[in-house]
Amino acid sequence: MATISHFLLLFVGAALINNILLTRFIGLCSFFGISNSMNTAFGMSAAVIFVMMMASTTTWLVWKFLLFPLNLGEFLYIPAFILIIAALVQFVEMYLRKYSPALYRAMGIYLPLITTNCAVLAAATEVAKPGFFKMAMAYNYTLGEALVYALGVSVGYGFALLTFTALRERLDIAPVPRVLKGNPMSFITAGLLSLAYVGLAGWFGL
Amino acid sequence: MTEMNEGTTRLSVASSPHIVAPTTCTNIMLWVVAALAPAAIWSMISIGWPAVLVFTLCIGSALATEAAWNAIAKKPQTLSDGSALVTGVLLAMCMPPMLPWWMSLFAGFIAIALGKMIFGGLGWNLFNPALVGRAFVLMSWAGVLSKLSDKGWFHTLDVPATGSLDAISGATRLAVAAADRAASGGYGFSLAAQYQPLLWRNLEGSLGEVSAALLILGGLVLLAKGIIDWRIPAGYIGAMAALSWIFGSDPIFNVLAGGVLLGAFFMATDYVSSPMTKNGKLVFGIGCGVFNAVGRFFGPSPESTTFAILFMNGLAPLIDKMFTPRTFGWVKSDEE
Amino acid sequence: MKEWLRVFRAGLSIDNPLTVLMIGLCATLAVSSQVEGSLFMGIAVIFVLVMSNALISVLRKLIPSQVRIPIFIVIIASFVTVVDLFLKAFFPPIYAVLGIWIPLIVVNCIILGRAEAFAYHNKVWLSVADGLGMGVGFSLVLVGLAFIREFFGAGKIELLGATILKMPTGYAPPTILMMFPGAFILFGFVVAFVRWLNERSTDRKVA
Amino acid sequence: MKSNALRLIIPVVLTCMAAAAGLSATYTITAPLIAAQDKAAEEAALKSVLPEADAFEAVDAAMLASAQEAVGDSKVSAIYRALDGNGELIGWGLKVGSRGYGGYVDMVWGLDRDGKVTDLTILTMNETPGLGTRIKTEPGFLEQYRGLPGGFTEKDVKKLDMISGATKSSRAVRNSGIAVSVVYEAVLKAAGEVR
Amino acid sequence: MLLTVLKAMAALASLGVIAASMLALASWKFHVEVDPRVEAVASALPGANCGACGNPSCFAVAEAIVEGTMPVTACVAGGKSVAEAVASLMGSDSCDVVAVISLRHCGGGTSAARSYEYGGVQSCNAVAKLAGGALVCSSGCFGYGDCVRACPFDAMSLDERGLPVVDIAKCTGCGICVRECPRGQIGLLELVAENAPVAVRCNAHNKAKERKASCSACCIACKKCEKECPEDAIHVIDMLAVVDYDKCTGCGTCVSVCPQNCIDVYAGASNSVAVDGAGKTALAESVALGAAAED
Amino acid sequence: MSKAAFRGGVHPPEHKEATAALPIEWMPVPARLVVPMSQHLGAPCAPLVAAGDRVRRGQVIGSVDAMVSAPIHSPVDGEVTSVGTCLTAGGMRVPCVNITPDAEQDLASFEPVPDGDVRATVRGAGIVGLGGATFPSAVKLSPPKGVDVGTVILNGCECEPYLTCDHRLMVESADRVIAGAKIMAETIGAKRVVIGVEENKPDAIAALRAAAGEGIEVRSLVTRYPQGAEKQLIWAFLKTEVPHGKLPAAAGALVHNVATAAAIADAVELRKPLTERVVTVTGRVARPGNYRVLLGTLVSDLIEHAGGFSGDVGRVVAGGPMTGPALADLDVPIAKGTSGIVVFGPDEIAPLVEGDQPCIRCGRCSEGCPMFLQPYLIATHANRRDWTSAGLFHPVDCIECGVCSYSCPTRRPLLQLIRLAKAAAMAKGAKL
């Protein structure tokens with residue numbers, strides 16, 4: 001029971017209370033770029049969930065069994081982790097191109113940008129080398145915790161992305177002042193949405 | 001356009017239908033104001049001039065902002081639709097009586113400018129304008145607000161008072177209850193004994209919390225007039241009560257205390273920022289209640305109405321998408 | 001010579017990474033709560049951008065396109081690590097402020113974006129000019145944003161331990177400017193303002 | 001196919017090796033500097049909470065581990081013995097991190113031989129400026145922890161005030177204090193170092 | 001020192017091997033053949049996804065062109081330049097595209113009588129559905145600008161009299177406005193060659209007397225233009241002056257003799273003419289269509 | 001028996017009291033008749049006569065060889081003045097035959113419809129849905145093969161405000177209605193006949209019940225607009241939805257207006273072609289009432305017969321105020337589908353709007369929509385001319401009842417926008 005509630009809290013904390021997009025400013029480029037259609041947002045969320053789970057598992061293993069034992073963590077973790085993520089993302093991209101051309105076309109240039117999605121790097125680094133990104137829910141993650149955390153972060157990413165996409169559908173047809181049309185208004189809306197997320201701060205002491 | 005045949009009367013032609021229901025937008029907004037009026041006036045009577053000042057400044061600033069915006073943007077004046085008035089009144093009602101005058105003005109400005117007009121005016125805003133104004137002030141001057149109680153006036157707002165450096169005396173009943181619960185797991189006073197003051201005359205809190213009974217009265221009027229749908233308040237209050245009970249507190253106290261009633265009847269039911277589908281409304285209401293209750297019992301502050309509703313406002317378009325009604329005739333067999 | 005100037009200036013204005021291209025937002029919004037941190041962040045980004053652009057441009061003929069992304073990213077990550085270690089060793093207080101965001105420079109879309117879009121296809125000197133232009137364009141907006149946020153949101157500006165600007169006493173700074181919602185909203189207005197300026201200048205050219 | 005694959009792999013590997021070489025070189029050069037900086041910062045902090053001490057000596061890893069085990073959620077990252085000019089033990093310095101609003105708030109606590117809190121300071125934090133940062137700037141807030149008597153308990157700490165509006169940040173300080181009390185009770189006392 | 005370097009190199013290199021072999025595997029296993037010509041053609045098209053050609057998107061057109069199901073001139077909107085670009089990409093060189101622009105045959109606007117007070121959606125298609133439209137004239141322009149809104153190239157705007165004018169520089173002759181106009185079928189808007197010199201601003205075929213009552217700016221079928229035209233290029237056919245653009249030289253005689261001022265110099269023509277006659281010289285310089293002087 | 005109803009709808013003020021109690025009276029033959037060649041849904045008829053021809057009352061003067069159509073008969077003995085075009089009440093310009101009636105008229109005599117079976121007779125008599133839809137009745141009586149229509153529903157709801165012509169007809173000619181119902185049920189082999197009347201017409205219900213024999217149910221319905229809409233009426237009685245894109249026959253029901261039933265009875269039993277109908281004239285006229293009017297009578301003549309205008313006139317509507325088209329010109333003829341002429345003062349009608357009123361998302365439109373559409377969404381997209389987005393929300397299912405526009409507090413022209421979206425969607429190939 002205690003374990004279940006522990007994992008549940010970890011998940012809720014990562015997904016909602018410390019939502020990576022709206023309370024941490026991480027992963028924003030694709031957030032604004034891809035939130036213009038529900039289908040793409042859905043595809044992107046799925047891709048991020050998938051990549052984040054894979055990446056976190058891999059970085060956790062690499063840290064645990066390679067960098068930490070060899071004492072290379074301090075200066076090698078950035079290239080090592082990002083290399084893993086980049087390769088993974090490109091692999092997924094090629095896979096999609098082959099087996100789901102529609103999704104591939106819909107996501108366009110944004111799939112390669114998962115590589116530069118800070119969210120993935122941040123979450124993957126967080127589980128391996130906790131505390132650094134100050135998103136810490138714990139000082140150390142077991143593999144199980146790492147997976148739950150990564151799932152939480154990516155589901156939170158998807159949730160915020162879908163929420164925002166639905167908001168933007170209304171925003172895009174709204175008669176906003178011309179200079180604010182498009183991106184500026186998206187930022188302002190994201191600001192108001194993140195204002196709502198402020199209310200989640202500190203829940204369950206997370 | 002009439003230069004060609006001046007003098008001849010032309011018939012008027014428009015698309016059917018040619019008759020309309022008497023309810024207008026202004027009408028609806030004025031009913032909302034009317035429903036709020038007893039509670040608002042009673043709060044001014046009970047608290048006195050500071051409350052009158054907050055009301056005046058919030059409403060004035062809201063109206064002035066809307067008028068100015070329209071003038072600058074060279075758009076037709078929209079004050080007559082009454083929505084800015086509603087925003088102003090609601091904004092004042094969720095503010096503490098000792099709010100510095102400049103904050104009242106700022107809140108009114110933000111509520112209308114950033115909460116509504118920037119989206120294109122009435123009908124396009126994504127969040128409840130009054131709550132945007134309130135949350136903005138709250139986030140901007142939490143420090144200043146939290147010190148209001150120093151002045152011997154009412155302590156209020158979402159700013160948690162638990163274990164404050166100041167004596168707890170100015171805190172709201174809700175805050176005291178939350179502090180007791182946090183310290184000892186129980187309550188240092190009888191929650192049931194609080195029903196009467198909360199219903200009739202509760203000076204510790206924001207202006208809209210003075211009399212729960214008058215808020216309920218206003219809400220019932222709106223329900224009876226068909227202006228608001230029962231699903232949102234029912235979902236909200238129902239979820240709040242149920243969760244309070246589950247978390248081992250007094251459901252009635254928790255519904256009466258804080259901003260729940262104001263939120264459930266007047267804020268969450270804002271047409272523009274809530275879902276339009278019937279099931280969506282119920283889900284929205286329940287969502288507000290759950291957020292509010294969980295925030296109240298497990299969050300840092302016992303009040304979370306503002307953020308509960310703002311959060312659900314953000315979700316409203318998604319909820320609407322999920323509960324799109326089935327078009328008549330689109331029966332299952334038709335999908336092949 | 002002229003070519004580079006054009007490339008450099010593009011980064012400042014028409015291709016400004018922040019206000020026009022909308023990339024590299026995460027760090028911008030997060031770091032811009034303090035002028036000091038923003039300055040160092042800007043310098044770090046310029047360094048990484050110029051160095052990686054230069055190196056990638058040098059190596060561009062040797063990099064097979066299928067694996068270009070991993071290679072780019074390893075190169076960028078190395079420069080970022082250098083910055084990271086350097087700040088840690090010489091400017092610990094700055095590092096304490098920026099700590100989290102330095103590694104995230106790796107995934108700052110500007111850098112990989114420029115590597116992909118520019119350095120991989122252009123000569124070394126042009127790539128350097130592009131990196132410089134982009135970096136300076138980024139830093140200008142970043143520091144500008146930070147100035148507004150810190151000055152109005154905290155009521156004063158501190159640089160290397162000294163207060164260089166201060167609001168009059170009695171000013172109650174709206175802390176929302178220092179927080180996430182404020183950053184988003186302010187940035188929205190900044191983007192709109194830049195757009196308005198651009199439109200006005202093109203209008204004037206036409207008229 | 002094979003040669004094609006190699007054509008892809010070799011550049012990556014070469015880049016990786018070059019990067020690794022460069023970075024390890026940089027690291028080797030900067031590592032001592034970083035260590036020195038860290039040490040200086042920590043010493044300064046320790047000195048500020050235990051002004052009478054002349055030298056600080058870290059406790060062994062086992063002791064640190066048992067301290068960490070005892071406190072649970074907060075993190076005890078270092079425990080120092082404070083020594084005076086004669087090498088006499090005059091107190092302890094504890095570096096404790098506990099969760100605030102924007103991540104961990106790292107604090108240094110000084111205890112004297114009796115376990116009384118001599119002083120405390122915030123080393124690093126990432127709290128909301130103007131709100132969470134009031135834990136540092138609010139007059140009287142940190143001061144109320146100063147002078148907590150030896151053997152103070154969780155209950156004693158919880159009696160102290162919080163800053164309204166900055167609950168989460170205040171709670172980080174409170175939890176930090178609780179962690180110190182636990183370490184004092186479970187580790188330092190158990191080790192028999194307490195007078 | 002050396003050990004660290006070696007360890008680091010080994011560690012990162014092994015990760016590099018793994019990553020690169022994954023990608024090598026992927027590029028072999030997941031290889032997709034995309035016709036590079038589709039991409040090339042797509043990038044040559046305007047990308048406005050206007051639908052004038054009847055396809056949902058420019059990319060679909062590119063695919064159709066490459067498949068050969070549509071000609072290289074498929075893009076109506078792109079005009080000659082695009083057609084040539086596409087043709088060169090596709091390796092065919094013959095393309096016969098006449099540059100066309102849209103022309104309005106009505107000068108009514110505020111001079112046209114209204115038949116009723118209208119309220120509702122400000123759209124020509126909406127008003128056309130109500131009692132035959134709010135104009136007494138059964139062939140004139142309603143002036144709510146459905147064509148303006150429909151134009152994918154932002155080439156149309158409403159002038160101060162509520163009549164659409166075409167920015168010749170932007171108009172591609174895609175014909176969307178003609179299709180969108182509820183009276184496009186009866187000739188209110190027409191596509192003409194880009195160098196058409198003059199335009200008749202009336203579309204009515206009913207009796208001259210009737211139409212004079214409904215609009216003060218209409219063609220009254222007086223045949224003055226027909227008589228005066230030195231090229232025999234303008235005729236009153238079915239009660240309305242019609243220009244034969246094959247013969248018209250743009251001399252401007254008809255413009256100056258028309259008592260109703262309902263013939264206009266079409267100033268976008270390359271051979272823009274100076275026009276004699278009181279107050280009409282300025283016409284030659286006017287950029288937009290429909291700048292006919294009003295009484 | 002519990003009162004049947006549909007889901008959604010509104011209840012506008014009825015305003016029926018002015019004419020509900022007045023018996024139907026004949027309007028005298030006017031001095032001129034303009035008989036439009038298109039008085040039905042479907043292809044217009046071609047005139048069969050020329051200027052100068054003598055015509056007999058009941059003589060076919062226009063016909064067309066299309067499946068969905070109905071011939072047009074001369075309503076009078078007289079002379080064809082000319083063949084030209086006229087504007088219909090719906091705003092269409094169609095061919096017409098102008099007739100100058102003879103001074104002496106015997107309205108009791110007419111050219112009989114040629115002998116034939118029921119369907120041929122109904123077709124030959126030119127009978128169309130008299131409720132306003134003007135769908136040729138003979139087509140309705142010929143359901144596709146394999147479709148079993150078990151129920152004939154007669155629509156006596158008259159849910160439109162102001163109108164009372166069907167009400168009076170049911171009161172005065174209940175036997176004709178019942179006779180028509182029996183003929184129809186027999187023709188298509190339906191086992192059940194239900195007549196639905198809104199509960200605000202108790203006298204009509206009583207008259208029908210008295211006239212109804214065995215096996216004919218007369219049921220009262222909740223008074224709510226649009227109770228008389230075909231799909232909603234079927235739902236009210238049978239609780240089945242007519243599937244999207246299908247005819248009511250697919251739901252096992254056939255719906256006819258009561259006036260159509262009476263006309264069918266006249267055609268089959270008396271071989272009488274359709275040459276006149278009952279029209280409610282009400283609102284700001286001196287003598288409101290229900291008049292039996294020859295088809296082709298000009299609205300201006302009818303209004304004059306009703307005593308002319310009595311006060312300021314803002315709008316004249318042909319039909320009920322919820323669905324009827326507004327007239328720009330009063331010289332348009334009464335056609336088979338014209339159930340009423342309602343004259344409104346300028347203060348009685350919906351205000352004229354520009355079309356850009358904001359949606360406050362109150363949800364009244366979708367709450368009232370009997371088709372469960374989301375009118376505000378369709379309209380919002382339509383207002384931006386985004387037909388693709390608008391098309392996603394099923395505008396083609398709209399029955400154009402007008403409930404959405406009626407209930408909109410900001411007076412958005414929702415129905416008009418939905419009509420545009422519907423037209424755009426149908427142009428793209430969406431089916432009704």
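The model is predicted. Within chain B, domain 1 and domain 2 bury about 3000 Å² between them.

**Chain C and chain D**

- The contact draws on 20 residues of chain C and 19 residues of chain D.
- On the chain C side, α4 (68–90) and α5 (92–98) each supply at least two residues.
- The largest share of that side, 10 residues, comes from α4(C).
- By class, the chain C side has 15 nonpolar, 4 polar and 1 charged residues.

**Domains of chain B**

- The domain assignment gives domain 1 (25–144) and domain 2 (155–320).
- Their C-alpha centres lie 20 Å apart.
- In domain 1 of chain B, 36 residues are in contact with 33 residues of domain 2.
- Of the area buried between the two domains, 78% is on carbon and sulfur atoms.
- Trp31(B), Trp42(B) and Leu131(B) lose the most area on the domain 1 side, together 18% of what that side buries.

**Polar links and elements in chain B**

- Across the domain interface there are 0 salt bridges.
- The same interface has 8 residue pairs in polar contact, both residues at pLDDT 80 or more.
- Two or more residues of the domain 1 side come from each of α1 (25–47), α2 (49–72), α3 (83–93) and α5 (129–140) of chain B.
- The largest share, 11 residues, comes from α1(B).
- By class, the domain 1 side has 30 nonpolar, 5 polar and 1 charged residues.

Technical notes:
Residues are numbered from 1 along each chain as its sequence is written. Chains are lettered from A and ligands numbered from 1 in the order in which they are written. This is a predicted model: local features need pLDDT of at least 70, side-chain atom pairs count only at pLDDT 80 or more; totals for chains, interfaces and linings use all residues. Side-chain values use heavy atoms; hydrogens and water are left out. Contact means heavy atoms within 4.5 Å. Helices (H or I, at least four residues) and strands (E, at least two) are DSSP runs, numbered from the N terminus. Ala, Val, Leu, Ile, Met, Phe, Trp, Tyr, Cys and Pro count as nonpolar, Asp, Glu, Lys and Arg as charged, and the others, Gly among them, as polar. Domain bounds come from an automatic or database domain assignment. Buried area is the accessible area (1.4 Å probe) that two parts lose on being put together, summed over both. A salt bridge is a side-chain nitrogen of Lys or Arg within 4 Å of a carboxyl oxygen of Asp or Glu. A polar contact is a pair of N or O atoms within 3.5 Å; within protein, one must be able to donate a hydrogen and the other to accept it, and residues adjacent in sequence count only if both atoms are side-chain atoms.
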